[in-house]
Amino acid sequence: MKSLVEAAGTIGANVDDTQIERFRRYRELLNESGRRINLTAVKDPEAVVEQLFIRSFRIAVPAGGNVSTAEWFEGRRIIDIGSGAGIPGLPLKIILPGIEVTLLESNGKKCDFLRHVVSELGIQGVTVLNSRAEDAGRLKEHRESYDLVTARGVAKLPLLAEFTLPFLKLGGVAVLPKGHDPRAVQCEVDDASFAANELGAAPAIIQPVAHPGASPMDHIIYWLKVQPTKDRYPRRPGIPAKRPLSAD
């Protein structure tokens with residue numbers, strides 16, 4: 001786990017023996033439960049550390065400014081949409097214990113797994129929410145109440161806008177990792193520009209991020225929430241996927 005400690009250090013997080021043990025146990029649980037539930041295609045133990053844990057830390061790479069990552073995240077409330085196996089929400093929580101994390105997942109069996117992990121690892125300040133984003137985004141305790149929202153491998157950006165932006169308070173930010181091809185990412189951002197504006201975000205910032213870790217480069221999309229989300233969003237479950245918001 002030396003590479004994990006070094007990776008956390010690049011974003012200003014100091015990892016102790018307790019945190020390392022949590023990552024070890026988390027990896028074991030992924031392996032054990034992955035035989036029964038389709039949690040992740042990544043099976044090799046070293047790949048789990050590199051591709052799932054360390055790559056999750058990229059969410060916390062500063063997009064600008066002079067405040068260290070660990071300092072900025074202290075006390076922040078974060079929601080991970082379509083969390084699945086807990087990626088990237090749980091790795092961030094382990095290295096940044098001062099954050100509050102909600103893991104939103106619509107699959108009940110995956111939620112059971114997430115609750116088991118949280119219990120086994122003895123982590124406080126994590127909520128597992130079994131719901132669709134369209135439903136949870138209308139709940140008073142979740143709507144416009146988060147500092148940061150993220151989602152990895154869930155959907156294209158026009159759909160992600162409606163899944164993520166309703167959760168952000170004004171001044172909050174959506175941090176969404178995408179692929180390594182800059183042209184494909186730019187095209188996706190352009191396709192989502194109407195939806196992002198309609199849901200209250202400023203124009204997207206795209207930042208190439210190749211660290212920490214040795215995984216291929218990610219392009220991370222940042223949407224700053226500058227206007228309240230209109231009451232009609234998110235639409236009913238299933239509608240955003242069938243009819244993503246567009247100017248057409």
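Before naming any element, I noted that helices (H or I, at least four residues) and strands (E, at least two) are DSSP runs, numbered from the N terminus. The model is predicted, so I kept to its limits: local features need pLDDT of at least 70, side-chain atom pairs count only at pLDDT 80 or more, and totals for chains, interfaces and linings use all residues. Residues are numbered from 1 along each chain as its sequence is written, and side-chain values use heavy atoms, with hydrogens and water left out.

**The sheet**

I started with the strands, where two strands pair if DSSP finds at least two bridges between them. I found an open sheet of seven strands with mixed pairing, in the order β3-β2-β1-β4-β5-β7-β6. Which strands stand at the edges? They are β3 and β6 (205–209), each with a single partner strand, so one side of each has no neighbour in the sheet. The twist averages 20° from one strand to the next; for such angles, axes are lines fitted to C-alpha atoms, for helices over the stretch in contact, and angles run from 0 to 180 degrees between N-to-C directions.

**Around β2**

I then followed strand β2 (residues 100–105), where five of the six residues are buried. For burial I used relative accessible area: buried is under 20%, exposed over 50%, partly exposed in between (1.4 Å probe, protein chains only). Strand β1 (residues 77–81) runs parallel to β2, joined by five bridges, and Asp 80 stands opposite Leu 103. Five bridges also join β2 to the parallel strand β3 (residues 126–130), with Thr 102 partnered by Thr 127.

I checked the connections next. β1, helix α5 (residues 89–95) and β2 make a right-handed β-α-β unit, and β2, helix α6 (residues 108–121) and β3 make a right-handed one too. Right-handed here means that, with the strands pointing away from the viewer, the path from the first strand over the helix to the second runs clockwise.

**α8 and α9**

How are helix α8 and helix α9 packed? I noted an angle of about 35° between α8 (residues 157–164) and α9 (residues 182–198), with axes 7 Å apart. The contact (heavy atoms within 4.5 Å) involves Leu 157, Pro 158 and Ala 161 of α8, and α9 residues including Val 189, Ala 192 and Ala 195. In α8, eight of eight residues are buried, among them Glu 162 and Thr 164.

I looked at two residues in the loop between α7 (133–136) and β4. His 142 is found there, and it counts as buried because its relative accessibility is 6%. Leaving aside neighbours within four places in sequence, His 142 is in contact with Arg 77, Thr 102, Leu 129, Ala 136 and Phe 167. Glu 144 is in that loop as well, but is partly exposed, with a relative accessible area of 29%. Its phi is near 50°, a positive value in a residue other than glycine.

**Cis peptide bonds**

Most residues other than glycine have a negative phi, and most peptide bonds are trans. I noted a cis bond from His 211 to Pro 212, with omega near -5°; Pro 212 lies in the loop between β6 and β7 (218–224). Another cis bond joins Tyr 233 and Pro 234, with omega about -5°, and Pro 234 is in the loop between β7 and α10 (239–242).
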